[in-house]
Amino acid sequence: MSLNICVYCGSRIPSEDKFRELAEQIGFRIAGNNWGLVYGGGKVGMMGVIADSALKKNGNVIGIIPTALKRAEVVHTGVSEIIETPDMHTRKALMEKKSSAFIVLPGGFGTLDEFFELLTWRQLGIHNKPIILINAFGYFDGLSSFVNTAIDHDFVRSNNRELFSIVSNVEEAFSVLNRKLNS
């Protein structure tokens, strides 16, 4: 399997340009490394930005989208490949299967759902692929605090903190990604 990096991100773009720029940088870097991008298949929001930026660098972009969202006309028809799934569960499983590593960008409930399911799968030994959460601009500070609280109260084992990496910017993310993919 060629190296594909799955990116979880939002279907909305916040009003602050720094989030759009973050998504662009990630798309450019993935394509610049000759890695494929696996993402949710949308043309809107941060998803559309990351796909378009990878495509601008002639990257291979695989969008995986459930039928219901495809019908809602949010599908990106300009990507390298679109795979339609019957539901969200199948979509997430296929995204995991087709990917070598995962980057989580700031997003909403769907992004968090994807992150936690992927994290739980890693905790259960379903996969052992790198998961990198980009805490850009402190967006995930509350989530990081929650993880520490869950560990402090013994709902989560302290060594489970090693199941994913939290970084603050694109450079750190790709440094961790390169180290973990080449180890």
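## Pockets, a cavity and a helix pair

Sort the lining of the second largest pocket by class and you get nine nonpolar residues, three polar ones and one charged residue. Keep in mind that this is a predicted model.

**Second largest pocket**
- This pocket has a volume of about 200 Å³.
- Its lining is made up of 13 residues, and the ones nearest the centre are F116, L119, Q123, V156 and N160.
- Two helices, α5 and α6 (141-152), each put at least two residues into this lining.

**Largest pocket**
- The largest pocket comes in at a volume of about 440 Å³.
- Of its 29 lining residues, C9, G10, S11, R12 and T111 sit closest to the centre.
- Two or more lining residues come from each of β1 (4-8), α2 (45-56), α4 (88-97) and α5 (109-123).
- The top contributor is α5, with four residues.
- Class by class, the lining of the largest pocket holds 18 nonpolar, eight polar and three charged residues.

- Rolling a probe the size of a water molecule over the atoms shows where empty space is left.
- Searching the whole structure turns up one cavity of 30 Å³ or more.
- The largest cavity holds about 30 Å³ of space.
- The cavity lining splits into three nonpolar and three charged residues, with no polar ones.

**α1 against α2**
- Two packed helices are described by the angle between their axes and the distance between the axes.
- For α1 (residues 17-32) and α2, the angle is about 35° and the axes are 7 Å apart.
- The crossing of α1 and α2 is right-handed.
- On the α1 side, the contact is made by F19, R20, A23, E24, I26, G27, F28 and A31.
- On the α2 side, M46, V49, I50, S53, A54 and K56 make the contact.
- Taken by class, the residues of this contact are nine nonpolar, two polar and three charged.

**Elements to keep an eye on**

Note on methods
Residues are numbered from 1 along each chain as its sequence is written. This is a predicted model: local features need pLDDT of at least 70, side-chain atom pairs count only at pLDDT 80 or more; totals for chains, interfaces and linings use all residues. Side-chain values use heavy atoms; hydrogens and water are left out. On a 1 Å grid over the protein atoms alone, a cavity is a set of points where a 1.4 Å probe fits but cannot get out, and a pocket is an open set with protein on both sides within 12 Å along at least five of seven lines; lining residues have an atom within 4 Å of a point. Grid points are joined across faces, edges and corners, and a volume is the space filled by probe spheres set on the points. Ala, Val, Leu, Ile, Met, Phe, Trp, Tyr, Cys and Pro count as nonpolar, Asp, Glu, Lys and Arg as charged, and the others, Gly among them, as polar. Axes are lines fitted to C-alpha atoms, for helices over the stretch in contact, and angles run from 0 to 180 degrees between N-to-C directions. A crossing is left-handed if the near helix is turned anticlockwise from the far one by less than a right angle, and right-handed if clockwise. Contact means heavy atoms within 4.5 Å.
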